[in-house]
Amino acid sequence: MKKIRTCFGALAVLLMSAAVASAQTKSGVDKLYILNCGEGVAGDISRWSPGINVGQSMDFVDNCYLIHHPQGWLLWDTGITDAIASMPEGQAPADPKATHWRRPKTLVSQLDALGVKPTDINYVAISHSHPDHIGNVGLFPQAMLLVQKAEYEWPSPFGARFKPEHPVTKLEGDHDVFGDGSVTLIATPGHTPGHQSLLVKLPNTGALVLSGDAVHFKSNWDNRGVPSMNTDKEKTLASMQRIADLLAKENAQLWINHDKVQRDSLKMAPSFYD
Ligand SMILES: [Zn+2]
C-alpha cells in the first residue's frame, strides 16, 4: 500500500510540474504578425547616411507588428495614416529627398482579416512620434499608449500628435510590458528625444529586436549613419551600440523597420512568427 501511495505521490509531482511547464509556456508571446503599414520611395538616401549614396533613391517599407500574448494584444507602431490608402498617387513629401508614401492596404483591413477588432488591442506601443509611425494611433482610443515621457513631451516640429484624453503610460527608460520578459521596450533615444525599440522573445523564432527608426536600412546600420534629421547624434550612436550589445547578449535578430530588402525576406500576415 505504501508503495502505491509513493507511486501516486510521484505521479502527482509529475503532473504538477507538467502543469507548471505549460503555464510557463503560456506566459510568453505566442504570435507575431508583420503588417504592411506603407510602401514608399525615399528620394535621396544620403538624408539618412550623410555623404553616402548622395542623390540615390531607395524603396522603403513601413511595418506594423501585431503581437499576441495571453494577457492581450500589443501593436508596435501604427504606420502612415490609413487615409493615404485612398490617395491614388500616395502622399508626396514637402522635401523631395524625403519619402513618398503609398498605402496598398489599410491597417484596419489587415486586422479585420485576422479577426482582430481595433477595440481588441490592449496596448499600442510606438517607437517614436513621426507621422509614419503614429498615423493610426487615433483608431485605438481605448488602448494604453506606451511611449517614452521624453517623446510625449517633446515639442515636435510636427505639432500636436496625441489626443490629451488618450490613455497613456509615459515611460522613463526600459519597460517589461507583460512582466515576464517576453516583450521589453528598450530606450534608444537619438532619432527623436524619446525613441524606443522593442525586444521580443518568441518561443520558436527566438529573440528579435524591432528597430523602430534607431536605424533605417541595412547599409545605414553597417556604416553607423546618423540621419541629418536626428535630434541627437551622440545619443543615436550610443543607441546603435546598445542595440548591437543587446543582439549579442540575447542572440537576437535585428529587424529593421524600413528596410525593404529584409522585409521581402520575411513572411507577412496572415502568416506569423511564433
Ligand atoms: Zn520612420
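User: Which cysteines does the one disulfide of the whole structure join?

Analyst: This is a predicted model; local features need pLDDT of at least 70, side-chain atom pairs count only at pLDDT 80 or more, and totals for chains, interfaces and linings use all residues. Residues are numbered from 1 along each chain as its sequence is written, and side-chain values use heavy atoms, with hydrogens and water left out. A search of the whole structure finds one disulfide, meaning a pair of cysteine sulfur atoms within 2.5 Å. At 2.0 Å from S to S, the pair is Cys37 and Cys64.

User: How many residues apart in sequence are the parts that this pair ties together?

Analyst: Strands are DSSP runs of E, at least two residues, numbered from the N terminus. Cys37 lies in strand 1 (residues 31-42) and Cys64 in strand 2, so the parts tied together are apart in sequence by 27 residues.

User: Are Cys37 and Cys64 buried or exposed?

Analyst: Buried means under 20% relative accessible area, exposed over 50%, partly exposed in between (1.4 Å probe, protein chains only). By that rule, Cys37 and Cys64 are both buried.

User: Which side chain of opposite charge is nearest to Asp62?

Analyst: Asp62 lies in strand 2 (residues 58-69). Lys and Arg count as positive, Asp and Glu as negative; His and the chain ends are not counted. A salt bridge needs a side-chain nitrogen of Lys or Arg within 4 Å of a carboxyl oxygen of Asp or Glu. Asp62 is buried without one; 6.2 Å away is the nearest opposite charge, Arg103.

Conventions. Helices (H or I, at least four residues) and strands (E, at least two) are DSSP runs, numbered from the N terminus.
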